[in-house]
Structure formats: C-alpha cells, structure tokens
Amino acid sequence: MTAVHRAQLAGSELAFDCAPGQSVLDAALQAGIELPHSCRKGVCGSCAAVVSEGELRALPGRALVNEHCGPGRQLLCAGSAATPLLLVVPGARRLEPGARKRLQAKVFRVREAASGIWLLDLRLPAGQRLKFRAGQHLDVIEADGSRRAYSMANPPYESDAVALHIRAQPDGRFSARLPTLQPAELIDIEAPQGSFGLREGSTAPLLMVAGGTGFAPIKSMLDHLAKLGAPREITLLWGVREARQLYLPAALARWRRVWPGMGALALVSGGLPEGGAENGEGAAARDAGWSVENGRVPERLGQLAADRASGFAGHEAYVCGSPGFVDAVRGMLLQCGLPAQDCFADAFVSAAPAARA
C-alpha cells in the first residue's frame, strides 16, 4: 500500500495527510497540528482516540490498543492510515508557526539532588527563547537520532533556560551520562513537546498529584501560578518509594507565601525508616512544611474525598507519573466524583523501549 490518506478531525476544519508507514500522530505533528500525546511510543495511552470512520494499521512492533486506552480508543502513535480517517480527538489544536524549536542547549549545572534523582540545568543559545506551557516536555536528541523525553521543571517565564529532573535508569542511555556531564557541554533538544499543560483562567480548587519525578511538571505549573498570584485552593500530593527521594523540599515555602493554606502531603510507599519522618530520611521535607506519611497516593485520595461532602466534584486535577500510577490515581479521582474532563494527566514512560524518563 503506497497511498497517502487524508485524516479529518471531527467537528473542526483541521485535516492532514498521512504518508504510508507514518504514524497518524507523527503526520499530524508534521502538519502543525497538535494532538494529545506524550511518549509517542505506544505505552502511555495519551494519544488514544476514537476512529469514527476508516481503519488504522498497526506499525511494525506496535499494538493499536493497550491497557491505558479506554473503550473504543486506539493509539494514534502506533498506527498508520490504511484508509481515509475521521478522528474524534478532543483538545486538538493548530500549532503556532515556529513554536517548536530544535536547539543546542549548554549544560549550566548538574547535580544529584536525592538518591538516583538528578537535576540538570541547561541554558539556551544567546538570544533564543523557548515559548511553552507550564507542564510540557522536551526531547533530548542523541547522536544516533534517538530521543528521550523529559518534562521541564522551570516555569514559562524562565524562557532562556531549561530545568530537568531525571531519574537514573539502570539501562538509561542519557541518564548514565549525567555524572560525567561538564559545564558548557552541548545537548541537542527539541521543544516544546506534548499536549499536557496548565489550563489558565480557572478558579476551581486544584489537586496536584505527582509520582516520583512527575514532580517536575507540577513544579513548573505551581511556579507559574505563583508568579501570576492566582488565588486557588491547592492540595499537593507526592508519591515516592523512599523518603530520601523527596528532593527540593524548600519549593513548598515559596508556594505557601502565595497560598498559606496549601496542603502538601508526601506519601512513602516503601515505608518510612525507624523514627519515621522525624529523623533522618524525610526530615528535610518535614522541616520545609511537608506532611510525610507511609502510604500510597490513590488510597490517600480516597480518604481525602471521603472527608468532603461531594468528593472531588468541582475540582481540577493534574496527575503526573508512570502509566500505572496515573491510571490508579485517575481511576480513584473519577470514582470520587471528579468529572473526566477535569482530570489532566501525563504519563512518564521510563522503560527503555518507550524512551521516556
């Protein structure tokens, strides 16, 4: 099959051509149309959509559905167009010309902030600025053309720099380089990427939920809202395996200057050491104002919802973490009364085939 097929987005004038063997998601992005997506490797499920008319053909080594898709939805990153398509894709939009840039960023600083958690600060070339929404990510491009995706932890007003939070992976090609990176070393990046990002203008109470280095995009969004001085009721939950993985605890103090009543709960799924958070691991987070407890985020959300007359109805939630974490949290939030359209999520794919850390 060598035919080029047209894909139309239902309810809009947006349409694009799909070349043979090209994923529908890549075809849309090439045409300057942003569809909801994250990992682009068939793992996270963010790009799953309803194919109202036409047929997708799975790309080699990919499957059109996975456990994160939802009923009747297929992965646009995993399939090419076998026929003309009519797609139902809420949130699709046309990208501004030149919005995405490929640049050589310069290493400014790299440090291990906690056990296996690295903070990498990059500076853009002189005169360059990066326009992005709080919560979006970038691609680090290796010499062989392979890509690794990392969320930007800095807010959009810091547009001449990029801050990344990277969890070291046993077989991580890029994360293995972090201990040896030197100041002024050049890193190829392309940004911004992904459709996840803060919806501004709302006054609804916020649930900000992070798993591991999913704290990075949450930090970007909270820094941005703090700069705006947005009056919001905010509850922040952060799930980690070990208390020593609670990095940058002092960020909470900055946010509480804007939102004094902000709730901040860190949940340690692997258990706190003897003495709990009062001594040793977790003490810095506690001293900075975090409540540090044993437990898992989904179960704790259920307990919080039970204390509210209408659960989480009327809230907005932003959830960032691994696909399993995101699915569990989103499922609990919906069970607790949060409308699906008010739950925004980004799944971090850390497995090597997915190239997301």
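**Aromatic pairs and charge–ring contacts**

At 5% relative accessibility, Trp290 counts as buried, since the cut-off for a buried residue is under 20% relative accessible area. In this predicted model, Trp290 forms an aromatic pair with Trp238. Trp238 is likewise buried, its relative accessible area being 1%. The centres of the two rings are 5.5 Å apart and their planes make an angle of 55°, an arrangement classed as tilted. Trp238 belongs to strand β17 (residues 234–240), whereas Trp290 is found in the loop between α4 (283–287) and β19 (291–294); the pair therefore ties together parts that are 52 residues apart in sequence. Both tryptophans also belong to a cluster linked by ring pairs, together with Phe215, Tyr247 and Trp255.

Across the whole structure, a search identifies 9 aromatic pairs. One of the pairs joins Phe196 and Tyr318, with ring centres 6.1 Å apart; because the planes stand at 75°, this pair is edge-to-face. Phe196 and Tyr318 are both buried.

Aromatic rings are also approached by charged side chains. Arg123 is placed over the face of Phe108, at a distance of 4.0 Å from the ring centre. The ring of Tyr157 has the charged end of Lys227 over it, 5.1 Å from the centre of the ring.

Methods
Residues numbered from 1 in each chain as written. Predicted model: local features only at pLDDT ≥ 70, side-chain atom pairs only at ≥ 80, totals over all residues. Heavy atoms only, no water. Phe/Tyr/Trp six-rings, centres within 6.5 Å; stacked < 30°, edge-to-face > 60°. Buried < 20%, exposed > 50% of the residue type's maximum accessible area, 1.4 Å probe, protein only. Helix = DSSP H or I, 4+ residues; strand = E, 2+ residues; numbered from the N terminus. Lys NZ or Arg CZ within 6 Å of the ring centre and 35° of its normal.
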